[in-house]
Protein chains: 2
Amino acid sequence: MLTKTWQLAERTTHIKPSVIREILKLTQRPNIISFAGGLPSPDAFPLEHIQAASQRVLEKYGTSALQYSTTEGFPQLREWVANTVSSRGRATVTPDQVLITSGSQQALDLIGKVFLDPGSLVAVESPTYMGALQAWNAYQAQYTTMDMDEEGVMLASLEAALRRSPRFAYLLPNYQNPSGLMLSAECRQEVAKLAQRYGVPLLEDDAYAGLTFDGNIPPTLHGYAPDNTIYVGTFSKTLAPGLRLAWIVADKSLMGKLVETKQGTDLHTSSYGQLLAYECIEGGFLAEHSRTISSLYGERCARMLAGMEQHFPAEVTWTRPTGGMFIWVTLPQHMSAQKLFEVALEQEVAFVPGTPFYANGGGENTLRLNFSSSSLEKIDVGIERLGKAIRAAM
Amino acid sequence: MLTKTWQLAERTTHIKPSVIREILKLTQRPNIISFAGGLPSPDAFPLEHIQAASQRVLEKYGTSALQYSTTEGFPQLREWVANTVSSRGRATVTPDQVLITSGSQQALDLIGKVFLDPGSLVAVESPTYMGALQAWNAYQAQYTTMDMDEEGVMLASLEAALRRSPRFAYLLPNYQNPSGLMLSAECRQEVAKLAQRYGVPLLEDDAYAGLTFDGNIPPTLHGYAPDNTIYVGTFSKTLAPGLRLAWIVADKSLMGKLVETKQGTDLHTSSYGQLLAYECIEGGFLAEHSRTISSLYGERCARMLAGMEQHFPAEVTWTRPTGGMFIWVTLPQHMSAQKLFEVALEQEVAFVPGTPFYANGGGENTLRLNFSSSSLEKIDVGIERLGKAIRAAM
């Protein structure tokens, strides 16, 4: 049908519907308790605060909130980002190193567009964030994977990947999606040094930094090698994902190309949306609100971990995140998470099987659980059901 | 500098800063009257109406205005678009043929991403919209151009371009940017038929349909060949550009690929922005407001045309638009609009020289004047200055 009418670009053969979105369709039956999604909890959205801010936007900024604006983003928002990222790492970020993007998915897309030719190699953690693979598949990227352990990416595996001269190495050092793992403080400087030594840019995706349960986050990779690191952050997890607002911090030598590329891609990010976000965050609201969300998620995570301890067989292992939104489960070697998924659906509980998070295949015995978007009661019931399903499938 | 640190994609050598943005920098000196920009008039933004709508968004839609949403867009907004586009052409558009995009620049980018391999041919009018060239240059497109006369694209020139089997043919049938020209009612059906005969998709960019001075707009190309036409419309000219909201209407056989591609590009367009726009337009506000804007722009256009009649030498010719935002000026063959630009700056008046609107070069003696964003007084003074500059340069 498609081929008959439309002669499409070669790249479209690499663009597939998100596996997760397909899975989510299966999990929307009314009685199913789903740990499959990746949504922030709407309980955590600061509705009244945003409502109040929305009433100030047009009063304060008038028609400039409705007019075309610069591709780089509003100066006050770029300054806020520069200060925030500076405070998270050991380097000073200036506003002219900040590009406001339409969500971090666009940040990943723009970076792919600027760096990737068909066949270009990207180093990714194994497992890694599926949305990044989706963005870069459209540019016909190939992947070299880096193994992880409890301390995040393994240095030997990173170095082996860097030797292959990828266009960049993509890491999520804090509460990684999907694994919940954290790159240890000790390893960070070493990661930055290795990337510099091999001349490979680091792409640091820091989507979950605002969701820390214990306040214990090591400095950014960016701070150790600001010339060689592209840093991506977002308002989606701490303010609201529906605003589609995120940012790239990069060295000035790269900023020009990123800005020109964004100009041809969508001119600029919503003027109104940027000013609405700024009205919400100026005065320090986000730091305070992050603590509220983190406390909510921390409680849900602890409850899920406790349930797993109680209901999961001893042969199953999992990560114990100190932030973020996800727990990563490893089943016994021989078990298929895909087959478990079918058994679990019968028990009216759902998760995401792990394979789509592996760029080059593997992970058949892994799965991801989301704890941010379910109530404590649902977590209790859902984890008990999942425990039964695992025993039934074993 | 760039090449030393970053190994970038081949496509980045085709991505250049917008020539217009460079020109705009030169025209921002305080006393300059600039007809160079392409901004809608902020006088025409319905500030109070949007303010009132913004207060309803969170009240009515609650957290769904802040949460992730579907890539396709909000159902109620897609339905509004389907009805609106149906009313403009001879085919019925259904909501599942509508994709909400982050401005029409993103619509053009996504279409490029789906259709264009490096070296792919695109048929464009000569002159054409510069933003489209910027979007498709990033996919390393090549261009075949179609000449225009007072009735819009010339059929013989269209057919010659179609014979070369471009991936699609891009037309702006209503009040084209930059020329202000209109594709005649008589030619539209013929254009649609020719494209079907040669099996080349049409891309119809209808950004200016809402800005009609006489209400006289022929039916859409889409209505004559809905299976073979991709239609792009926008809220930027009638509601507010800063919201970055537009849409693609396409046959269902293409919609899946467009949606998957947008998913990897930015997940979805701002939930809040979509609902804010919907709250503004439901109940028919936009039709009424379009008449207000069109009346304002019509008056400005008439004033500019009258001034040109009075002050421009007889050797200069120009279009007489019945809508949109631009007048296109042709200087005598031997004259350079670029050189005139420098003389004009001395006279403290500015415009955009025409060459960047030509995909394959040419148009050295042409220029674009914007009438939407200047007051009548500025139009009077600016056109008198420009008349002097032309005489001085001749």
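Student: How many residues does the largest nonpolar core have, and which residues have the most contacts inside it?

Tutor: The model is predicted, and local features need pLDDT of at least 70, side-chain atom pairs count only at pLDDT 80 or more, and totals for chains, interfaces and linings use all residues. Residues are numbered from 1 along each chain as its sequence is written, while chains are lettered from A and ligands numbered from 1 in the order in which they are written.

The largest nonpolar core has 258 residues, and those with the most contacts inside it are Ala169(A), Ala277(A), Ala169(B) and Ala277(B). Such a core is a set of buried Ala, Val, Leu, Ile, Met, Phe, Trp, Tyr and Cys residues joined through C-beta atoms within 7 Å. In soluble globular proteins, nonpolar side chains tend to be buried together.

Consider Ala277(A) first. Apart from neighbours within four places in sequence, Ala277(A) is in contact with Leu77(A), Phe235(A), Leu239(A), Leu243(A) and Leu245(A); two residues are in contact if their C-beta atoms, placed from the backbone, lie within 7 Å.

Next comes the meeting of the two chains. The contact takes 64 residues from chain A and 64 residues from chain B. Among the elements that give two or more residues to the side of chain A are α10 (252-266) and α11 (271-281), and α10(A) has the largest share, nine residues. Helices (H or I, at least four residues) and strands (E, at least two) are DSSP runs, numbered from the N terminus.

Helix α6 (residues 130-137) of chain B is mostly covered, with eight of its eight residues buried; these include Met130(B), Leu133(B) and Trp136(B). Their cover includes α10 of chain A, together with α2 (19-26), α5 (103-115), β3 (121-126) and β6 (168-171) of chain B.

Finally, consider how the copies are related. Chain A can be laid on chain B with an RMSD of 0.0 Å by a turn of 180° and a shift of 0.0 Å along the axis, the copies being superposed by least squares on the C-alpha atoms of residues with pLDDT of at least 70 in both. That is the relation of a two-fold axis. The same surface serves both copies, since 98% of the contact residues of chain A recur in chain B.

Notes: Buried ≥ 20, exposed ≤ 12 C-beta atoms within 10 Å, placed from the backbone.
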